[in-house]
Amino acid sequence: QVQLVESGGGLVQAGGSLRLSCAASGRTFSRAHMGWFRQAPGQERTFVAAISWSGGRTYYADSVKGRFTISRTNANVKNTVYLQMNSLKPEDTAVYYCAAADQDLFSLATMKKTYEVDYWGQGTQVTVPS
């Protein structure tokens with residue numbers, strides 16, 4: 001059974017940091033593109049960051065560039081993607097979802113084709129009070 005399990009969310013004051021993790025299991029994800037999306041209340045789900053299967057290419061939404069860093073570790077049994085979030089702002093408040101796809105995630109997000117994302121995690125809440 002394929003699973004993406006996020007962890008690391010919580011409440012943090014503005015200017016603080018959080019590190020999200022997403023453990024992927026159930027199939028070989030070492031060749032899958034992985035990334036993060038977020039959804040604030042009443043808003044659509046939006047792209048945050050993505051990383052290629054090798055880790056050689058990373059992509060970020062303009063709103064998080066310079067503050068967030070995506071990385072990943074690949075293993076035969078479990079692959080993990082991380083999102084280090086620094087200098088958090090109230091507008092970063094959202095549910096953060098891990099995503100995995102055999103296609104390029106950044107391209108899917110750019111072309112508004114997130115319906116072609118193969119797997120989603122259950123989401124983890126990040127709250128930055130104003």
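## The surroundings of D92

In this predicted model, D92 touches R38, R67, F68, S87 and V126, when residues up to four places away in sequence are not counted. One of these neighbours, R38, is also joined to D92 by a polar contact of 2.9 Å between the two side chains.

D92 lies in the loop between β8 (79-85) and β9 (94-101). Because its relative accessible area is 0%, and buried means under 20%, D92 counts as buried.

## A32 and its partners

A32 is found in another loop, the one that runs between β3 (18-25) and β4 (33-39). With a relative accessibility of 1%, A32 is buried, and its contacts, again leaving out residues up to four places away in sequence, are R27, W53, R72, A101 and D102.

Among these contacts, W53 shows how sequence and space can be compared: A32 and W53 are 21 residues apart in sequence, while their C-alpha atoms are 5.1 Å apart in space.

## Strand β1 and its two faces

Which residues of strand β1 are on the covered face, and which are on the uncovered one? In this strand, which spans residues 3-7, L4 and E6 form the covered face, whereas Q3, V5 and S7 form the uncovered face. In a regular strand, side chains alternate between the two faces of the sheet.

Strand β1 is joined to β3 by five bridges, and the two strands run antiparallel. Within this pairing, V5 stands opposite A23 of β3, and V5 is one of the residues on the uncovered face of β1.

Conventions:
Residues numbered from 1 in each chain as written. Predicted model: local features only at pLDDT ≥ 70, side-chain atom pairs only at ≥ 80, totals over all residues. Heavy atoms only, no water. Helix = DSSP H or I, 4+ residues; strand = E, 2+ residues; numbered from the N terminus. Buried < 20%, exposed > 50% of the residue type's maximum accessible area, 1.4 Å probe, protein only. Polar contact = N/O pair within 3.5 Å; in protein donor to acceptor, adjacent residues only side chain to side chain. Contact = heavy atoms within 4.5 Å. Pairing = 2+ DSSP bridges.
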